[in-house]
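Here are my notes on the model you sent over. Have the structure open while you read, and take the points in order.

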Amino acid sequence: MDKENRVSFGSEFFDWVMTFIIVAILSVACNMVGYGGMLLESIPGMLIFAAISLAGLTVKHFIPGNLPAVAYIALIGMLVAMPFSPISGFVIYWANKVALMAVVTPILAYAGVIVGRDWREFVKIGWKGILVSLLVILGTFFVSGGMAEIMGRIFGM
Amino acid sequence: MWRDKNWGDYKFHLVILVCCILAEAVGPIKIPVGGVTVTLLPLLYSMIFVLIVYMIKPIRFVKEKQAEIGSALLTLSVAFLMAKLGITSGASIKDVISAGPVLILQNLGNVGTLLVALPIALLLGMGREAVGMTHAMSREPNVALISDMFGADSAEFKGVMTCYIVGTIFGTIFMSIVPPIFVSLGIFSPESAAMAVGAGSASMMTAGLAGVMEAAPAANPDVLTAFASISNVISSSISVYLGLFITVPLGNVIYKAMKKGK
């Protein structure tokens, strides 16, 4: 049983690595075309992101609970970049060579196929459903932002 | 054999690469509307370009199967984004700590979905599906939660799927337009708006964040990034619990009260 688990984790890990190679190629391309990045300067950042992501996914794989993998990944990213981390300077320097949006554009490209798949379902949703759903997004933004405004004044931010 | 893997569908990934490069080559487009500037970003075009490829009938190698692959790739490319955002947050840790209480507590504002949208949904004559629809700004964890609580055949599940699909299609566009307007008009400070765009969806968050940065060139972009991404992580970590213990029960109460009142 234990051995079987290890084998399946190994192949899953391999799939993650291969996928990150694709994601890295897409992000480097976006960084060069859209944000004036250089090929060689973009690569260390990609390796750092991949290492942190792999660490987070591995933690998620072995720790039970409902916390999403992205929470572990963000936490590890924060820890390595905090002032007490011996590698923070290095990590921050190379991460900054990759524009934030260069990592985002590929994500939305993949979202495009999902939108395509859902399109037929979407057409069936009436105007009421669309209106209420947009109000849901607006409500989240508006109330969260309002609370931040008010509490910011209370806590003197 | 490797071609059966999600990463092995090289034709599909090449299409994605071409769409990304085209989107970045076009670059941001600024549209002044009254006193406010709305900025359309490459992330929107890359989504639309791929959507167009999907819709074109003769292209057969980007269809339902690729939507499955796309959702697996999406999850892992979000991992990359979170690593980048985590680093930015760690680098601005001082600002994060000083904003700590506000940063954490404003996520409870996610119940705002319910307070704003549920009464309107019920006034429009919706039934139980309104509870599923408005219990959260529904992303994957919320869809799973509602399906657990009410079953996949329930009206509530139909509601949560409606919100999920509309969010997928319009969420990014909506978030790249609305928050910058709030900032430009001075309703929210850039910092508050940055926290508020982090509501559990990575793509909506970055679209909103980019807009807020454009609208507030004087604010420190790293601090805004840290606020938005930490708020987003907190939101996605608590969304299931918030739904389970607060918004669904509260939604039931509002639903009963309003149906009785009629």
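**Notes on the two-chain model**

1. Let's start at a glycine in chain A. Leaving aside residues up to four places away in sequence, A:G37 touches A:N31, A:M32, A:S42, A:K97, A:V98, A:A99 and A:A102. Keep in mind throughout that this is a predicted model.

2. Where does A:G37 sit? A:G37 belongs to the loop between α1 (2-35) and α2 of chain A.

3. Next along is α2(A). Its 24 residues should span 34 Å at 1.5 Å a residue, and the end C-alpha atoms are 35 Å apart, so the length agrees. The buried residues of α2(A) are A:S42, A:G45, A:M46, A:I48, A:F49, A:A50, A:I52, A:S53, A:G56 and A:L57. A:S42 also turns up among the contacts of A:G37.

4. How far can you trust chain A? Its mean pLDDT is 87, with 94% of its residues at 70 or more. Within chain A, confidence is highest in helix α2 (residues 39-62), at a mean of 93, and lowest in helix α5 (residues 100-124), at 84.

5. For chain A, an unreviewed UniProt entry lists "transmembrane region" at residues 13-34, 46-63, 69-91, 98-115 and 127-148. Residues 13-34 of chain A are 100% helix and 0% strand, with end C-alpha atoms 31 Å apart. Residues 127-148 of chain A also come out as 100% helix and 0% strand, and their end C-alpha atoms are 31 Å apart.

6. Chain B has its own "transmembrane region" annotation, again from an unreviewed UniProt entry, covering residues 12-29, 35-56, 68-87, 107-127, 164-188 and 233-255. Here the helix content of the spans is worth a look. Residues 107-127 of chain B are 57% helix and 0% strand, with end C-alpha atoms 27 Å apart. For residues 164-188 of chain B the figures are 84% helix, 0% strand and 26 Å.

7. On to helix α1 (residues 10-26) of chain B. Its 17 residues should span 24 Å at 1.5 Å a residue, and the end C-alpha atoms are 24 Å apart, so that agrees. Buried in α1(B) are B:F12, B:H13, B:V15, B:I16, B:C19, B:C20, B:I21, B:A23 and B:E24. Just after the helix, B:G27 takes a positive phi of about 80°.

8. B:F12 counts as buried because it has 22 C-beta neighbours inside 10 Å. Beyond residues up to four places away in sequence, B:F12 touches B:F61, B:V62, B:Q66 and B:I69.

9. What about the nonpolar core? The largest one has 141 residues, and B:V50, B:V197, B:V212 and B:F227 have the most contacts inside it. The contacts of B:V212, setting aside residues up to four places away in sequence, are B:P179, B:P180, B:V183, B:P190, B:A193, B:A194, B:V197 and B:L224.

10. Last, the interface: 101 residues of chain B are in contact with 86 residues of chain A. On the chain B side, the largest share, 22 residues, comes from helix α3 (residues 64-91). That side divides into 66 nonpolar, 31 polar and 4 charged residues.

Key. Residues are numbered from 1 along each chain as its sequence is written. Chains are lettered from A and ligands numbered from 1 in the order in which they are written. This is a predicted model: local features need pLDDT of at least 70, side-chain atom pairs count only at pLDDT 80 or more; totals for chains, interfaces and linings use all residues. Two residues are in contact if their C-beta atoms, placed from the backbone, lie within 7 Å. Helices (H or I, at least four residues) and strands (E, at least two) are DSSP runs, numbered from the N terminus. Ala, Val, Leu, Ile, Met, Phe, Trp, Tyr, Cys and Pro count as nonpolar, Asp, Glu, Lys and Arg as charged, and the others, Gly among them, as polar. The expected span of a helix is 1.5 Å times one less than its number of residues. A residue is buried if 20 or more other C-beta atoms lie within 10 Å of its own, exposed if 12 or fewer, and partly exposed in between; C-beta atoms are placed from the backbone. UniProt positions are given in the numbering used here, feature names are shortened, and annotations may be inferred rather than shown by experiment. pLDDT is the predictor's confidence in each residue, from 0 to 100. A nonpolar core is a set of buried Ala, Val, Leu, Ile, Met, Phe, Trp, Tyr and Cys residues joined through C-beta atoms within 7 Å.
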